[in-house]
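Please read this note with the model open beside it.

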Amino acid sequence: QVRLVESGGGLVQPGGSLRLSCAASGLSLNNWAIGWFRQAPGKEREGISCIITTGLGTYYADSVKGRFTISRDSASGTVHLQMNNLKPEDTAVYYCAADNKLFSASYYCNSRVLDNWGQGTQVTVSS
């Protein structure tokens with residue numbers, strides 16, 4: 001059974017930083033696609049960063065490129081999303097997701113079709 005649990009969300013001022021974590025169990029980070037997605041009020045779910053854990057590629061949405069960084073810690077089974085220079089428009093529920101088909105990082109982030117999802121963590125950016 002695959003389980004994904006997000007943590008690290010909260011309230012920050014514009015320009016601040018947060019570090020999200022996704023604790024993954026029931027899978028190997030060496031052969032899975034892992035992604036971060038977000039859902040803002042009244043908007044479609046957006047794929048913001050995805051990686052192929054075999055080392056095939058990394059993808060960032062234009063809206064977060066240069067500000068967010070995805071990384072993984074194989075020893076702890078955790079994927080992180082470091083978010084810097086946060087903006088009010090980054091306010092959303094953030095989800096991590098995983099899939100084992102291994103097409104490409106951009107495919108998973110753009111299609112938003114993955115087999116396993118966490119329950120989300122709220123990020124609020126406000127002055």
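1. At 1% relative accessibility, cysteine 22 counts as buried, where buried means under 20% relative accessible area, exposed over 50% and partly exposed in between, with a 1.4 Å probe and protein chains only. Its partner in a disulfide is cysteine 96, and the two sulfur atoms lie 2.1 Å apart; a disulfide here is a pair of cysteine sulfur atoms within 2.5 Å. The bond links distant parts of the chain, since cysteine 22 is in strand β3 and cysteine 96 in strand β9 (residues 92-99), 74 residues apart. Cysteine 96 has 0% relative accessibility and is therefore buried.

2. A word on the source: this is a predicted model, in which local features need pLDDT of at least 70 and side-chain atom pairs count only at pLDDT 80 or more, while totals for chains, interfaces and linings use all residues. Residues are numbered from 1 along each chain as its sequence is written, and side-chain values use heavy atoms, with hydrogens and water left out.

3. How many disulfides does a search of the whole structure find? There are two. The other joins cysteine 50 to cysteine 109, with an S to S distance of 2.2 Å. This pair also links distant parts of the chain: cysteine 50 is in strand β5 (residues 46-52) and cysteine 109 in helix α1 (residues 105-111), 59 residues apart. Both cysteine 50 and cysteine 109 are buried.

4. The torsion about the S-S bond is about 65 degrees for cysteine 22 and cysteine 96, so that disulfide is right-handed. For cysteine 50 and cysteine 109 the torsion is about 100 degrees, so this disulfide is right-handed. Counting bonded cysteines along the chain, the pattern is 1-3, 2-4.

5. Tryptophan 32 sits in the loop between β3 (18-25) and β4 (33-39). Its relative accessibility is 11%, so it counts as buried. Leaving aside neighbours within four places in sequence, tryptophan 32 has contacts that include Val2, Leu27, Ile51, Ala98 and Leu102; contact means heavy atoms within 4.5 Å.

6. The protein chain has one helix and 11 strands. These are DSSP runs numbered from the N terminus, with helices (H or I) of at least four residues and strands (E) of at least two. From the N terminus on, the order is β-β-β-β-β-β-β-β-β-α-β-β.

7. Buried residues make up 43% of the 127 residues in the protein chain. Among contacts between residues at least 6 apart in sequence, 60% join residues at least 24 apart.
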